[in-house]
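Take a walk through this structure, one site at a time. Keep the sequence beside the 3D view.

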Amino acid sequence: MDTNESPVTLVDARSNELSAWLAAIVDSSDDAIVSKTLEGVVTSWNRGAERLFGYSAAEAVGQHISLIIPEDRKAEEDDVLARLRRGERIDHFETVRRAKDGHLVPISLTVSPVRDVKGTVIGASKVARNITERIHAEEALRRVHAELEERVRARTAELSSANESLRVEMAERQRVEQERIQLLTRLVLAQEDERRRIARELHDQLGQQLTALRLTLETLKAQSVERSDLRVQIETLEELARQLDEDVAFRVWELRPTVLENLGVQAALTNYVRHWSKHFGIRAQLLTGQSTDERLTSEAETMMYRLAQEALNNVAKHARADHVDVVLERSAEHVSLIIEDNGVGFDASNAETIGEGLGLIGMRERAALVGADLQIESTPGRGTTVIVRAPVVAPAIKSA
Ligand SMILES: Nc1ncnc2c1ncn2[C@@H]1O[C@H](COP(=O)(O)OP(=O)(O)OP(=O)(O)O)[C@@H](O)[C@H]1O
Ligand SMILES: [Mg+2]
């Protein structure tokens, strides 16, 4: 340090150095830094301002700041000046200014009052930051957002139309299923009617003719007391007629289970299993839990009975069994029927073994009509069990 210099000179030198230093900082800033008087006359204009607004410092200093204010923003500047006079600072105020070449520059503006040593506001310094890029980014973001919203809207519309066609399709399927059930119900009812008709005809015509035949044979036998050769043949014919009568009676009774109508499924099944066992020579018994007089709906009773018939027919036809258990069980909510044989069994999951028979399919459909559930458990070599479980309160059959 030079000790000859007076302290004042030293302070001056320091202060000059500091001013130059600050001027260099201001000049090198990317932001536009401008100062103006309280009347709005530009007093300084850094390089950042030259770059941002296109005017050189020589062109701008001494001009009114309205040089860069677009026509429709003039009022804004009056407001800024009024606030400055009150000593207020304006922070990050977003606006636009017009550059020398006429294009509009979006900026973020901070304006602070400049005071003299006594604290009086004598002017203002403005720092303006170019926010073009940010505005562009915001616009791009808005566009993307709008696009996204549009896509969501379009997708939602697409989905709701898909939803609607799905709803229509489901309704259509339900309608078709309803029709199928109605048709099946009509078929089952028609089948029962037809069976009754055939049973009546068999009974009324064939039955009577057979009775006539047996009576005639009896008369013939009485008249051939002397002819032992004829007598043997007549007795053979009598045995044939008796067999035939029995067969017809069995078929009639099979076709038209009057016991079922009159006494219910338990009595009808007891009867049926006994006759069936005798007819086919296979040991069979009906096992029941607590017996009850309570009846099911006639549709459910007929279903149970026909199902037992079909299952027992299958045993006679396919199983080569020598024993069958038929179990009828009743709980508060369900009636279950189980037909279990000790025959050869089959692979119930194999379509080929099941072949083209309609028995099992028919059983399933009849069970479904009264809301019952059918299961077939079978293993080759280990017998077959058919289980049907019907709700006590069966859904009403809808006839068309
Ligand atoms: N109790 C059983 N024991 C062994 N095999 C069985 C038994 N029940 C059914 N099957 C097998 O399942 C197949 C299908 O039975 P289903 O009753 O559907 O037809 P089907 O008796 O052959 O003909 P349909 O009943 O139409 O006169 C039978 O062909 C047989 O191979
Ligand atoms: Mg069958």
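This is a predicted model: local features need pLDDT of at least 70, side-chain atom pairs count only at pLDDT 80 or more; totals for chains, interfaces and linings use all residues.

Residues are numbered from 1 along each chain as its sequence is written, chains are lettered from A and ligands numbered from 1 in the order in which they are written, and side-chain values use heavy atoms, with hydrogens and water left out.

Start at the metal. The magnesium ion (ligand 2) is coordinated by Glu-310 (OE) and Asn-314 (OD1), at 2.1 to 2.3 Å. Donors here are N, O and S atoms within 2.8 Å of the metal (3.2 Å for Na, K and Ca); water is not among the atoms, so sites may look incomplete. How are Glu-310 and Asn-314 placed in helix H9? They are four residues apart in H9 (residues 298-319), so about one helical turn separates them. Helices (H or I, at least four residues) and strands (E, at least two) are DSSP runs, numbered from the N terminus. Glu-310 is partly exposed, at 23% relative accessible area. Asn-314 is buried, at 17%. The cut-offs are under 20% for buried, over 50% for exposed, and partly exposed in between (1.4 Å probe, protein chains only).

Follow the chain past H9. Arg-320 sits in the loop between H9 and S7. Its phi is near 50°, a positive value in a residue other than glycine. Arg-320 is exposed, with a relative accessible area of 72%. His-92 also calls for a look. This residue is not a glycine, yet has a positive phi of about 45°. His-92 belongs to strand S3 (residues 90-98) and is exposed, at 57% relative accessible area.

Now turn to strand S7 (residues 323-330), which holds Val-326. Is Val-326 buried or exposed? Val-326 is buried, at 0% relative accessibility. Its contacts (heavy atoms within 4.5 Å) beyond four places in sequence include Val-273, Leu-312 and Ile-339. Val-326 and Ile-339 are 13 residues apart in sequence, but 4.6 Å apart in space, C-alpha to C-alpha.

A polar atom of the Ser-29 side chain lies 3.0 Å from the backbone nitrogen of Asp-31. Setting aside residues up to four places away in sequence, Ser-29 touches Asn-46, Gly-48 and Arg-51.

Last comes helix packing. Two packed helices are described by the angle between their axes and the distance between the axes. The axes of H5 (residues 132-223) and H6 (residues 228-255) come within 9 Å and cross at roughly 165°. Axes are lines fitted to C-alpha atoms, for helices over the stretch in contact, and angles run from 0 to 180 degrees between N-to-C directions. H5 and H6 are therefore roughly antiparallel. Angles under 35 degrees count as roughly parallel, over 145 as roughly antiparallel, 65 to 115 as roughly perpendicular and the rest as oblique.

H5 also meets helix H11 (residues 359-369), with axes that come within 11 Å and cross at roughly 110°. These two helices are therefore roughly perpendicular. On the H5 side, the contact residues include Arg-180, Leu-184 and Val-188. H11 contributes Glu-365, Arg-366 and Leu-369.

Technical notes:
A polar contact is a pair of N or O atoms within 3.5 Å; within protein, one must be able to donate a hydrogen and the other to accept it, and residues adjacent in sequence count only if both atoms are side-chain atoms.
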